[in-house]
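Here are my notes on the charged side chains, point by point. Have the model open while you read.

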Amino acid sequence: MSKLLIVDDEVAILEALTDILSVEGYEVSTAANGAEGLQQVGRDRPDLILLDLMMPVMDGQEMLRRLKDDPSLRSIPVVVMSAGRVTKAELQGSRFLAKPFELDDLLDTVTAELNKKA
């Protein structure tokens with residue numbers, strides 16, 4: 001069972017994604033900001049991270065930068081989720097999923113990223 005970490009400050013999104021991805025057979029953990037997300041990564045070592053960019057405390061860009069700067073974490077695939085415009089520099093090589101997204105797009109993206117890693 002693949003482990004996913006969802007990092008987003010919107011409770012409704014966390015709950016919806018957790019429900020959807022759990023039903024699909026994934027083990028899901030969540031965090032409300034980048035600082036919590038980094039703590040979760042240290043504890044659980046997810047197979048994939050779904051990361052919102054705009055959050056309080058530590059935004060997604062900072063979390064992504066720290067993940068990419070750490071040799072032990074940079075191989076974890078990250079899917080950046082945002083309702084705003086995102087530049088290639090902000091993505092830092094990660095995949096992008098525009099909010100709001102269709103369920104099929106979410107599941108296809110998660111599957112593709114996990115298959116790439118395998």
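**Notes on charges and salt bridges**

1. K116 forms a salt bridge with E113, with 3.1 Å between the closest N and O atoms; the term here means a side-chain nitrogen of Lys or Arg within 4 Å of a carboxyl oxygen of Asp or Glu. Both K116 and E113 sit in helix 5, three residues apart, or about one turn of the helix. Helices are DSSP runs of H or I with at least four residues, strands are runs of E with at least two, and numbering goes from the N terminus.

2. Before going on, a word on the source: this is a predicted model, where local features need pLDDT of at least 70 and side-chain atom pairs count only at pLDDT 80 or more, while totals for chains, interfaces and linings use all residues. Residues are numbered from 1 along each chain as its sequence is written, and side-chain values use heavy atoms, with hydrogens and water left out.

3. Is E113 buried or exposed? E113 is buried, because its relative accessible area is 5%, and buried means under 20%, exposed over 50%, and partly exposed in between (1.4 Å probe, protein chains only).

4. R95 counts as partly exposed, since its relative accessibility is 34%. The E113 and R95 side chains make a polar contact too, at 3.3 Å (a pair of N or O atoms within 3.5 Å; within protein, one must be able to donate a hydrogen and the other to accept it, and residues adjacent in sequence count only if both atoms are side-chain atoms).

5. Now for helix 3 (residues 60-69), where E62 and R65 lie three residues apart, about one turn of the helix. Their salt bridge has its closest N and O atoms 2.5 Å apart. E62 is partly exposed at 23%, and R65 is partly exposed at 35%.

6. Which residues are linked with E62 in a network of salt bridges? R65, R66 and D69 join E62 in that network. How many salt bridges does the rule give? The count comes to seven.

7. One last item for helix 5 (residues 103-117): D105 has its place there and is partly exposed, with a relative accessible area of 39%.
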